[in-house]
Amino acid sequence: MRQEDRKETEIQIEYIKKAAALLSEKETEAGRKLRACVVTFGCQMNARDSEKLIGILEQVGYEITEDENADFVLYNTCTVRENANLKVYGRLGVLNGYKKKNPGMKIALCGCMMQEPQVVEKLRTSYRFVDLIFGTHNLYKFPELLVSVLSQEGTIIDIWDKTDRIVEDLPVKRKYSYKSGLNIMFGCDNFCTYCIVPYVRGRERSREPEDILAEAKSLAQDGCKELMLLGQNVNSYGKNLENAPSFAQLLEMVCNVEGIERVRFMTSHPKDLSDELIQVMKRNPKICRHLHLPLQSGSTEILRRMNRRYTKEQYLELALKIRREIPDLSITTDIIVGFPGETESDIEDTLDVIRQVRFDNAFTFIYSKRSGTPAASYEDQVSEEFISAQFDRVLKLVQETAREQAGKYEGLTMDALIEEVNESDPTLVTGRLSNNCLVHLPGDASLIGSIIPVFLRECKGFYYLGERK
Ligand code: SF4
């Protein structure tokens, strides 16, 4: 950790103490415990950030609740697709209703959506009841901003264009005791033409390997068995560091941390996925048998216009090589339908890749125009009729190959990490296999957090029914 980042941690810890003092005054005035609620939108990076925000609020003294009718509500927003923004505006109206009944309530917004200048302007002018707006680059300043919002009225807006800071060791409240996300890097330098992430999450900056390993060790000591290494493009880990290990080497170092039994990672970029990583995944049983490898489109021309920097042939060669080298690996992907200029023959290319790779599952998205991205100004936006017809074709084929892939493990016994008591049937628990498939089996809450062998009795399309072996 850099000296100035360590110093910043100490400063923010002091602000936590100041905020705690302010909060206890407010609790005395209110004559009751004050509650805080953090709502997370979007990806696993956001989910991990929310664990830090909740950790800080809890350290300040708030009682954490999932009820949005609370004294402090923080939305950690996403902006990857337009409807994510609309959802937030809709829910702000409800929060304003609560605030009218509880005038001391504080409403705060952070995350990727706040990095869009037109959004902040709209909030500043039309949502004056919002008390705090901050972004992705100064998340670590939340204690300091909390002191400001607890000691003054009016909307505080603190958005940064960029940062090179990685401030560690602030309080964290993890959602799960047995597994955790672990950031290895922040930001993205790829500038895919449809994607807003590089504009809201900034340039790539990797954490020092010793900081990552220190956090992995403390998570293991805290009972974590499974870690998910997080980055927008984990395969380019270490580019901004001197003498950094490659991502494959870092992955093995994390696997060697005592107490860690399973390691996952997300998200990979096909143009940077190395043979070294394939060999490390092949030989190290602690690395989960699942790889998420976004394709986005099977058409080389569309991939060029997306600035993905690989062709259909290169993606196929990589995915089929991985299938050969690690036959028991599940490969999932992301596919966008309706990118500007897309034709039926482009869709044929996408369907061809799906037929050849036979993905274990795929997240299929309709192209969402994001203002500020190059593709948003492309003239040849495609029609809704084309999109809905082609989307159904892609989805149908993806579901076909996924069902076929899922069935191949029926009758086998595989290890599952038991994650929760089944929501719809409390006599069952739900576990996750190394290949990321779910299995439901008889059991109770005492099994949560343990990795046990499970006989996969029956495949039900995208999940299994099983029993403990
Ligand atoms: S790799 Fe592309 S799609 Fe992924 S976050 Fe970066 S710019 Fe977005």
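## Helix α9 and its buried side

Buried here means under 20% relative accessible area, with exposed over 50% and partly exposed in between (1.4 Å probe, protein chains only). In this predicted model, helix α9 (residues 275-283) has Leu277, Ile278, Val280 and Met281 as its buried residues. They cover an arc of only 165° around the axis, which puts them on the same side of α9; the arc is that of the directions from the helix axis to the C-beta atoms.

Where do the buried residues of α9 pack? Their partners are α8 (247-255), β11 (262-266), β12 (290-292) and α11 (312-325), with contact meaning heavy atoms within 4.5 Å.

## The overall fold

The protein has 13 helices and 19 strands; helices (H or I, at least four residues) and strands (E, at least two) are DSSP runs, numbered from the N terminus. Of its 469 residues, 56% are buried. Among contacts between residues at least 6 apart in sequence, 74% join residues at least 24 apart.

Along the principal axes, the C-alpha trace spans about 65 × 55 × 50 Å.

## Around the ligand

Let us turn to the ligand. The residues around it (a heavy atom within 4 Å) are Cys188, Asn190, Phe191, Cys192, Tyr194, Cys195, Val197, Pro198, Gln232, His269 and Arg308.

## Notes on the model

Residues are numbered from 1 along each chain as its sequence is written, and side-chain values use heavy atoms, leaving out hydrogens and water. As the model is predicted, local features need pLDDT of at least 70 and side-chain atom pairs count only at pLDDT 80 or more, while totals for chains, interfaces and linings use all residues.
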